Amino acid sequence: MSEQLSSTAVPSGSFLDRFFLIQQRGSTVRQEVIAGLTTFLAMVYSVIVVPNMLGKAGFDPGAVFVATCLIASFGSLLMGLWANLPMAIGCAISLTAFTAFGLVLGQGMSIPVTLGAIFWMGVIFTVVSVTGVRQWVLANLPKGIAHGTGIGIGLFLLLIATNSVQLIVANDAGLPVKLGDINSLPVIATVLGLAATIGLERRGVPGGILLVIIGLSLFGLVFDPSVKFQGLFAVPDFTSEHSLIGQMDIMGALNPVVLPIVLALVMTAIFDATGTIRAVAGQANLLDKDDNIVGGGKALTSDSVSSMFAGIVGGAPAAVYIESAAGTAAGGKTGLTATIVGGLFLLMVFLAPLSYLVPAYATAPALMYVGLLMLSNVTKLDFNDKVDAMAGLTCAVFIILSCNIVTGIMLGFVTLVVGRIFSGEWRQLKLGVLAITLGLVAFYMGGWAI
């Protein structure tokens, strides 16, 4: 009976089946719909977290809410309809942090120039993807540093989230940071929210992260005077003075002072985003006999093109979300999964007032949970190869100590190369690794790094 239902769900030879190769990949429409909803629920927290983070840097939260929805919709639809893969794209949390705290607040860049930098990052990233340079870099990326980057970004997110609610604050003397007011409402709500998120995710509750955000927002609406209801639905005004669409300064971003930042964004995206695509493809059994991603070229191009779009509409750089793995775990195998996600994010554009209803302590647990998930990369380090593992840990530690992803990557490469030489294992060094290391060192010694 179940086989009969499956066969009638997608008639053999139908347009939907032919376009998405649903039966060929061993899936059904019902399975793809469930996977799409699961992925959406797993990553919809981004439309609250991203505006909150960029809002701290002076972006208009309402405008960023719209941009975040548009980017997720555009990227996911591109991945679904063109690449035919079950991977959703959205504003990358790590690159959002880099944009807000590294570029605007850290470097003092104006918002239009920052958006211009994101656009050029997308252009260069696309060229790097379509020419095969991205694949070459990945082929020469040591495993330890690849995993160490994930660990470091996770630590970075934890620091940002805890500081946003004053759980961890700057110290006037002694160590750089200290514990904040543990008795404050935001701190208590954040700690309890993180514990609740972990519990719900452990039970496999779809949208557990979102449920905690909604719960803490309702708590704030009732008990926190600073949280006020400003409406639910709103038709976005794309021409208002607060809109960020088309506000990027392309020529300003070509300033020699800004170009290193563009390259830093590209390098960050190269080392941060591509591993996610491969991991999700592997879980969905979408690797060919040579262990390459089915439609991998289109997948790599989809997220880079989405970053170009991000600069145009006024959001943060885009990337495939690791939460897509929730959808593939639910059975998603085709682009129909991503197409459903894209359609749902397009509907979210009309719920912009919600972005003003969510306090920092409602989104901090989500950031902290994602950061903790990324720390699981430490289990992937091979400590039988001590030089590689320690290079990865060096990378991770200096990402958080410097609050700069590329700095950690550079020091990881230097540690690996010098470590291999002094351990007598220099024959294990690839020419590509040496080339990347020399390029990164020149990048920093020349004073071009952020």
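F74 counts as partly exposed, at 29% relative accessibility, where buried means under 20% relative accessible area, exposed over 50% and partly exposed in between, with a 1.4 Å probe and protein chains only. This is a predicted model, in which local features need pLDDT of at least 70 and side-chain atom pairs count only at pLDDT 80 or more, while totals for chains, interfaces and linings use all residues. Residues are numbered from 1 along each chain as its sequence is written, and side-chain values use heavy atoms, with hydrogens and water left out.

A search of the whole structure finds 5 aromatic pairs, a pair being rings of Phe, Tyr and Trp (its six-membered ring) with centres within 6.5 Å, stacked if the planes are under 30 degrees apart, edge-to-face if over 60 and tilted for the rest. Two of them are set out here.

| Pair | Geometry | Centre to centre | Between planes |
|---|---|---|---|
| F40 and F345 | edge-to-face | 5.0 Å | 70° |
| F74 and F309 | stacked | 4.2 Å | 10° |

F74 belongs to helix 5 (residues 61–83) and F309 to helix 13 (residues 296–313), so their pair ties together parts 235 residues apart in sequence; helices here are DSSP runs (H or I, at least four residues), numbered from the N terminus. The pair of F40, in helix 3 (residues 29–43), and F345, in helix 15 (residues 335–348), links distant parts of the chain, 305 residues apart. F40 is buried, with a relative accessible area of 11%, and F345 is buried as well, at 0%.

Technical notes
Helix = DSSP H or I, 4+ residues; strand = E, 2+ residues; numbered from the N terminus.
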